[in-house]
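Visitor: I am new to reading protein models, and I would like to take a close look at a single part of this one. Could you set it in the context of the whole chain for me?

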Amino acid sequence: MAAFLRLFGIYVDDNRVDEATGLTGRQKRLVQNTWAVIRKDEVGSGVAVMTAFFTTYPEYQQSFEPFKDIPVTELAANKKFQAHCASIIATLNTVIESLHDPELMEASLISLAERHKKRGQRKEEFQNLKEVIVEVLSHALGKEFTPEVAEAWGKTLEAAFSKIYQVLTN
């Protein structure tokens, strides 16, 4: 079958590692397939990430002027909070959809990092956010968050966040 697919230029070597992302073709598909679960409810998924982030690191909420004084338990109903949460999922979606085009992914992440650097965000905050994202993914995917899926997501987030870190530390 592989030879047949190669004739048409559509064969992808599942085991070949993309040097730019560190992911194999199989790992990219695992991330994209599990991401589809999260995308079903972009606002809800974003709210889950940011609520967990502010619960774990309450001091970070103070950096968000539109909802810095709102109790975490009331944030989910706040439309400005929901809008911000949806934008986080949209950014992650850009990363996931750009796994096949690492240069596009890098350009998007550099732009994001530059905006956040101007606001005073630091590498530590993004590192903590990355850990929260993994925890929320694990919870949302349940049994689908196998060790293989966890490894693929770990590599994906490391590739993405390392670009952000580069901008924030320069």
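How much accessible surface does the chain have, and what percentage of it belongs to carbon and sulfur atoms? After that, please take me closely through helix H3.

Guide: Please keep in mind that this is a predicted model. The accessible surface of the chain comes to about 9700 Å², and carbon and sulfur atoms account for 55% of it.

Along its principal axes, the C-alpha trace spans about 60 × 40 × 25 Å. Of the 170 residues, 40% are buried, and if we consider the contacts with a separation of 6 or more, 66% of them are between residues 24 or more positions apart.

Now to the part you asked about. Helix H3 covers residues 42–56, which makes 15 residues, and from its first C-alpha to its last it reaches 21 Å, close to the 21 Å expected at 1.5 Å a residue. Within H3, the buried residues are Ser 45, Gly 46, Val 47, Val 49, Met 50, Phe 53 and Phe 54.

Thr 156 is found in helix H8, which runs over residues 147–169, and it counts as buried because its relative accessibility is 1%, where buried means under 20%. Leaving out residues up to four places away in sequence, Thr 156 touches Leu 23, Val 31, Val 95, Ile 96 and Leu 99.

A second example is His 116, which lies in helix H6, residues 102–118. With a relative accessible area of 14%, His 116 is buried as well, and, setting aside its neighbours within four places in sequence, His 116 is in contact with Gln 121 and Phe 126.

Note on methods
Residues are numbered from 1 along each chain as its sequence is written. This is a predicted model: local features need pLDDT of at least 70, side-chain atom pairs count only at pLDDT 80 or more; totals for chains, interfaces and linings use all residues. Side-chain values use heavy atoms; hydrogens and water are left out. Buried means under 20% relative accessible area, exposed over 50%, partly exposed in between (1.4 Å probe, protein chains only). Contact means heavy atoms within 4.5 Å. Accessible areas come from the Shrake-Rupley method with a 1.4 Å probe; for residues, only the protein chains shown count as cover. Helices (H or I, at least four residues) and strands (E, at least two) are DSSP runs, numbered from the N terminus. The expected span of a helix is 1.5 Å times one less than its number of residues.
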